[in-house]
Amino acid sequence: MRLANDSWSCVSCHGPDPGANRNNILRAADRPETLVKVISTVSAMGFLSSQLTEVDRADVTAFLGNIVRINDPSAALRVWPVTLEFGHIPVGGTSARQFVSIGNPSTASAPVLVSVLATDLAIALTHDCPASLSPGSSCEASVTLNPNAVGLLRAAVVVNSPALSQPMVVGLTGYGSIGPLSQLAWVQSAPDVRFEAEKGGPSVMHTLTLSNPGTMPVELAWTSITGPNANQFKLQGRCASSSMLQAGTRCDLTVTYTPSQFAESKAVLQLRSNQGNPPALRLDGIAISPQTTAAPIEPLTTTTGGGCSIGPPNQRGHDPALWLMVLIAAGVSVLRSLLRPFAMPKIGKPA
């Protein structure tokens, strides 16, 4: 990522995500001879001939081979992001937190995680990975950098498992500094940015605010989104690369999520600068099944003026119970008229 004099190197032309294979960087995967040939023939890379030793070239190409294995669709484990960059950290201080996600993409097997390690004592690493990562699950390693000397620090986070032919390596860089320094920060405190949208529906967006609370202006470099579903998130906004964020000011960055048929999409947003980089942000996209609205139930109505109707709704008809009561009343009236001649005469009081 950087050279010992703190100048940008690989990322200047190839970007911060080697897996994107920008400018065919993966042609040199596990092939030091290819890197030597490119350095000697591509003018923009000629300066590296005096900067990289034979050991350096072997390390760079081995790391690119590691990237190819991580991106292999048949890999037993998935690891993202593949680079962590902390920027400048005060000597004796602590960087902002970055993290590495480790997932089991299988739907059947459960590879055993032997270890998640850091290669340098200046790296503070904690993780929540179980002994066995079940199918479809993931875990996370949280990483901070604590430099004890001025200068560039290059190290790695290493994931080992018997399910892997070789360990998976996440490259790490930081720079121990003294003197005035600005540490960038997101105004939101949570490390998660959650999106919800209907499957097949329109995109949704979140606007993030980046703050420079320090005393030094900051040159913003690359902002990247990496991870298994990175293509469903897009960057927009005013926190542009190569722009300056003055001390005490802020800028906005908008992230758009486009839902797909996947129920959940995961990625990570990383922003780089020439000062202290802000924490990485998790991007979680949730695709919700469209809501189905049931047709309203039409109420049953009668047009008979009361009582119970056995006819279809909204159909005029006769109520049999009403007619039965009419017949009974008529019968009672006829019976009373027939019995009237036989009624007993009234008996008066005695004189």
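Trainee: Before we look at anything, what counts as a salt bridge here?
Mentor: A salt bridge is a side-chain nitrogen of Lys or Arg that lies within 4 Å of a carboxyl oxygen of Asp or Glu. Keep in mind throughout that this is a predicted model.

Trainee: Okay, how many salt bridges does a search of the whole structure find?
Mentor: Searching the whole structure in this way turns up 8 salt bridges.

Trainee: Which residue does E85 pair with?
Mentor: E85 forms its salt bridge with R272, and the closest N and O atoms of the two are 3.3 Å apart. Because E85 sits in strand 2 (residues 83-90) and R272 in strand 16 (residues 264-273), the pair ties together parts that are 187 residues apart in sequence.

Trainee: And is E85 buried or exposed?
Mentor: E85 is buried, with a relative accessible area of 3%, and R272 is buried as well, at 2%.

Trainee: What about E140, where's its partner?
Mentor: E140 forms a salt bridge with R282, with 2.6 Å between the closest N and O atoms. The two come from distant parts of the chain, E140 being in strand 6 (residues 138-145) and R282 in strand 17 (residues 281-288), 142 residues apart. Both E140 and R282 are buried.

Trainee: Now K266, which side chain does it meet?
Mentor: The side chain of K266 meets that of E264 in a salt bridge, at 3.2 Å from N to O. Here K266 is partly exposed, with a relative accessible area of 27%, and E264 also counts as partly exposed, at 41% relative accessibility.

Trainee: Switching to cysteines, how many disulfides are there?
Mentor: The count comes to 2 disulfides, taking a pair of cysteine sulfur atoms within 2.5 Å as the criterion.

Trainee: Which cysteine is joined to C129?
Mentor: A disulfide joins C129 to C139, with an S to S distance of 2.0 Å, and the link of C129 and C139 is right-handed, with 85° about the S-S bond. C129 lies in the loop between strand 5 (123-127) and strand 6, whereas C139 lies in strand 6, 10 residues apart. As for accessibility, C129 is buried, with a relative accessible area of 12%, and C139 is buried at 5%.

Trainee: What does C239 form with C251?
Mentor: C239 and C251 form a disulfide in which the sulfur atoms are 2.0 Å apart, and this link is right-handed too, with 110° about the S-S bond. C239 lies in the loop between strand 13 (233-237) and strand 14 (244-245), and C251 in strand 15 (residues 250-257), so the pair ties together parts that are 12 residues apart in sequence. C239 is buried, with a relative accessible area of 5%, and C251 counts as buried at 5% relative accessibility.

Trainee: So what's the pairing in sequence order?
Mentor: When the bonded cysteines of the chain are numbered in sequence order, the pairing is 1-2, 3-4.

Notes: Residues numbered from 1 in each chain as written. Predicted model: local features only at pLDDT ≥ 70, side-chain atom pairs only at ≥ 80, totals over all residues. Heavy atoms only, no water. Helix = DSSP H or I, 4+ residues; strand = E, 2+ residues; numbered from the N terminus. Buried < 20%, exposed > 50% of the residue type's maximum accessible area, 1.4 Å probe, protein only.
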